[in-house]
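Please have the sequence and the structure open while reading.

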Amino acid sequence: MDNGQRLDCDLLVIGSGAGGLSTAVTAAVLGLDVVVVEKEAQLGGTTAWSGGWMWIPRNPLAQGAGIVEPHDQPKRYLSNELAEGYDQTRIEMFLDQGPRMVDFFRKETQLAFIDGNAIPDFHGKTPGAATGGRSVCAAPFDGRALGPRIRDLKPPLDETSPFGMGIASGADLRHFLNARSSLTSFLHVARRLTRHLLDVLRFGRGMHLVNGNALIARLVKSADDLDVRIMTSAPAQTLLSEGPRIAGARIIHDGAPLDIRARRGVVLACGGFPHDTARKAVMFPHAPTGREHWSAAPESNTGDGISLGEIAGGRTRTDLPDNGAWAPVSLVPHRDGSVGRFPHLIERAKPGLIMVRADGTRFANEADSYHDVMKALFAATPAGQPAEAWAICDAKFLRRYGLGRVRPMPFPITPWLRNGYLKPGASIEALASVCGISASGLRATIDHYNGFAARGEDPAFGRGDTPYNRTQGDITHQPNPCVAPIDTGPFYAVKIVAGSLGTFAGLDTDEHARVLDAEHKPIDGLYAVGNDMASIMAGRYPSGGITLGPAMTFGYIAAHHASGIPLKNNRSAAA
């Protein structure tokens, strides 16, 4: 460091989500001197709040379990899903290097994985879709292993974490849902709650880390082990250049400018633009002022990386069919007057819930992916009207599964009735009146739905028709894990607004994650990963984990390119 004004390194990474930390850790393993700067006071970005799943077809955990599929099978699925958006060069790089990325992190770092071998792709009727074997997640992690660094880790999203405790999807979540009906599940939940409360008393937060929180914790632990220098509360101001080459960035650290010179380049990993009002107004048709959209991503994700890349000559993709990873969101009132954003990812597929617009009619298969449900809502919303809906259920559903931020029994519902988040009605007509929904429309919809639901059928939208639907439903409920009548009053509703988990539009990049200029030529020394990179899925959402899987993989790829160490071809290893 030169008089406190300059710092030198090999590679500078701006942002500390999965994409940024994947790049940093890989580069450090490959021998580079790496600096990570993070705008927020805590590390993890959107990843720390996420489910943590990564879509990595033909990954080593699936291979080890005997799930072996030809190399062309996931290519077939993506070519059908992405259509004209299929970028053969980048897709093949991702499919080749994704399994090698998993293998690399398992062998070289603190990152361990659990398999998602029973998780289907979103669109089971598309040729090439799989019913499992394409997903991995970070294994749970004991936060105590981070030592004092745990204070720098962003906690799980409050809206989805009771008492600040992360709940893993799969078996852990099923135990919580079945705690009142299964002794085994009750004991599991009791142990989890006891440990969590003891951790909070001793450490101020839970230490049993799961989902995206575990992924970030394991990457941070790996970065610390490899002497990666990490700075928090250090926003980047501008990129530095040496001739045509990007050679560092000026940041603000400890209240003063600091120039960080990076011999091998700069990696932009700032989480996209879900809270950039001006950019949303241009790129989100349903948000003409940019304020009609409510993202569940951290509010610090304001497009900083994309703006830095554009100033350096990079080109932002504006030709995607969808510029965001859409999700139904409800607005949660907080006692301090702020508003939380709850992403409805789980309960929509459970039996006994439908979603309706203000006219009382359904508009989608509610058990489909969050992205597909919102696309259907956008399509059903007349021009000039806000994209809003209501999630409707009855008393038995609320007790069993909860609704949005309202937890299932034994958690109380009174606070949510009092603050207006949860709307009640003794009858369907009364609920409609409270919500401003057409009473006749809602009554007709419920009667039609219930007439088939007792037999487990949904001829209107086909709930439960795909493996993904059924996996998201309640497998203990038969004959259809996604369908049950709504007939036990009182009835309840939560308002749904347009939201997202993040953004798809980003900087145009090549297969090495190098940012491309207006002539499609790489800008020397500049890379983009995660949501700062235009999604390789071209504005489509074919499966869960198509954000984090490519983020981790292209971080791994970018680090290899910056280091000058060639990537290996993975086909022979995973054939």
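## A buried tyrosine and its partner

Tyr-541 is buried, with a relative accessible area of 6%, where buried means under 20% relative accessible area, exposed over 50% and partly exposed in between (1.4 Å probe, protein chains only). The model is predicted, so that local features need pLDDT of at least 70 and side-chain atom pairs count only at pLDDT 80 or more, while totals for chains, interfaces and linings use all residues. Residues are numbered from 1 along each chain as its sequence is written, and side-chain values use heavy atoms, with hydrogens and water left out.

The structure holds 13 aromatic pairs, counted when ring centres of Phe, Tyr or Trp (its six-membered ring) lie within 6.5 Å, with planes under 30 degrees apart called stacked, over 60 edge-to-face and the rest tilted. Phe-122 and Tyr-541 form a tilted pair, at 5.5 Å centre to centre and 35° between the planes.

## A second tilted pair

The rings of Phe-273 and Phe-284 have centres 5.8 Å apart and planes at 45°, so this pair is tilted too. Phe-273 is buried at 0% relative accessibility, and Phe-284 is buried at 1%.

## A charge over a ring

Arg-279 lies over the face of Phe-273, at 5.9 Å from the ring centre; the criterion is NZ of Lys or CZ of Arg within 6 Å of the ring centre and within 35 degrees of the ring normal.
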